[in-house]
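Trainee: I would like to go through this model term by term. Can we test each label against its cut-off?

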Amino acid sequence: MLLKKNNMRRPIIVGNWKMNNGPTEARAFFDKFIELKSEYEKNGKEIEVDWAIAAPYISMISLMDEDDAKYIPLAAQNVNENKSGAYTGEISIPMLQEFGVEYVIIGHSERREMYNETNASVNAKVLAVTKTLDSEDDDYIIPIVAFGETEAEFESDRTLEVIETQLKECLVGLNPEHMKEVVLAYEPIWAIGTGKTATPDQAQKVIKASREVIAEMYGDEIAKEVRIQYGGSMKPENVKDLMKQPDIDGGLVGGASLDPESFFQLLTYNK
Ligand code: PGA
């Protein structure tokens with residue numbers, strides 16, 4: 001039952017709405033986005049990347065519709081590794097599965113900085129989420145594990161050292177078959193929401209080095225299959241140049257995913 005989604009590094013672009021777009025705004029987004037998508041499909045074209053929207057939990061329902069042609073793949077922005085219990089404010093993996101959520105972002109820098117998430121807590125979540133990959137039903141969830149250096153670390157040329165530690169600690173102890181399915185998201189913190197994008201060369205260099213860390217941990221074959229996104233001010237104007245890089249397999253997009261037109265342009269960047 002493995003090899004779920006990963007189709008030889010098919011590009012994957014995920015919108016991260018963060019704490020934006022409540023239920024009403026999410027439905028307005030849905031209506032416009034579906035209009036753009038069906039228009040596009042009427043012309044015989046289709047979105048050729050894997051994609052999803054990481055909406056606030058409470059807005060997910062607004063992105064659902066009984067009509068299969070209006071299906072929007074969902075991602076969560078966080079998850080708790082415990083099955084159920086006294087964890088006020090948290091959402092569990094079975095709850096996401098029941099709702100049909102396909103991906104979950106784990107260890108976003110905002111959660112690390114503001115909610116004390118650590119490499120160890122990210123690892124616990126990744127281990128718990130990847131267990132769903134053994135499910136015989138189609139209710140597996142793919143983790144999108146975010147990592148990246150701060151501006152100070154970047155300025156002092158410590159990027160590669162920092163990301164190596166993050167990856168080693170966040171991804172330790174996984175079943176290698178599960179590791180193949182994990183999506184990684186390299187997000188230099190100084191590029192998030194700042195309008196400052198890493199240059200395609202910079203992003204490529206760090207993402208290539210990240211793949212080498214995975215190779216060291218899990219072997220070359222698995223490292224070659226793992227999808228690694230870039231995140232940090234990705235937008236329609238820079239997506240093509242970033243996606244041209246040999247090791248960049250997609251994007252984790254904040255600001256530019258809030259608007260249906262710009263998100264749709266990102267998903268169809270290769271046209
Ligand atoms: P941004 O956010 O695209 O607004 O920089 C990216 C992210 O935080 O995932």
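Mentor: Start with serine 233. In this predicted model, serine 233 sits in the loop between β7 (227-231) and α10 (239-243).

Trainee: What makes the phi of serine 233 worth a remark?

Mentor: Serine 233 has a positive phi of about 55 degrees, although it is not a glycine. Arginine 9 also has a positive phi of about 55 degrees, and it is not a glycine either. Arginine 9 belongs to the segment before β1 (12-16).

Trainee: Which residues come nearest to the ligand?

Mentor: Ser233 is one of them, along with Lys18, His108, Glu187 and Gly193. By class, the shell has four nonpolar, seven polar and two charged residues.

Trainee: What about the backbone of glycine 254 and glycine 255?

Mentor: A backbone N or O atom of glycine 254 lies 2.8 Å from a ligand oxygen atom. For glycine 255, a backbone N or O atom is also 2.8 Å from an oxygen atom of the ligand.

Trainee: How much of the ligand does the protein cover?

Mentor: The cover is 95% of the 280 Å² of accessible area that the ligand has on its own.

Trainee: What lines the largest pocket?

Mentor: 19 residues, with Lys18, Met19, Gln77, Arg111 and Tyr115 nearest its centre. Helix α3 (residues 109-114) gives the largest share, three residues. The lining divides into nine nonpolar, six polar and four charged residues. The pocket volume is about 520 Å³.

Trainee: How many aromatic pairs are there?

Mentor: The structure holds 11. Phenylalanine 33 and tryptophan 51 form one, with ring centres 5.2 Å apart and planes at 45 degrees.

Trainee: Why is that pair called tilted?

Mentor: Centres at 5.2 Å are within 6.5 Å, so the rings pair. Stacked needs planes under 30 degrees apart, and edge-to-face needs over 60. The angle here is 45 degrees, so tilted is the label.

Trainee: What does the pair tie together?

Mentor: Phenylalanine 33 lies in helix α1 (residues 23-42), tryptophan 51 in strand β2 (residues 50-54). The pair therefore links parts that are 18 residues apart in sequence.

Conventions:
Residues numbered from 1 in each chain as written. Predicted model: local features only at pLDDT ≥ 70, side-chain atom pairs only at ≥ 80, totals over all residues. Heavy atoms only, no water. Near = heavy atom within 4 Å. Polar contact = N/O pair within 3.5 Å; in protein donor to acceptor, adjacent residues only side chain to side chain. Areas by Shrake-Rupley, 256 points an atom, 1.4 Å probe, with all protein chains shown as cover. Nonpolar A, V, L, I, M, F, W, Y, C, P; charged D, E, K, R; others polar. 1 Å grid on protein atoms, 1.4 Å probe; cavity = no way out; pocket = protein on both sides within 12 Å on 5 of 7 lines; lining within 4 Å. Points joined across faces, edges and corners; volume = space filled by probe spheres on them. Helix = DSSP H or I, 4+ residues; strand = E, 2+ residues; numbered from the N terminus. Phe/Tyr/Trp six-rings, centres within 6.5 Å; stacked < 30°, edge-to-face > 60°.
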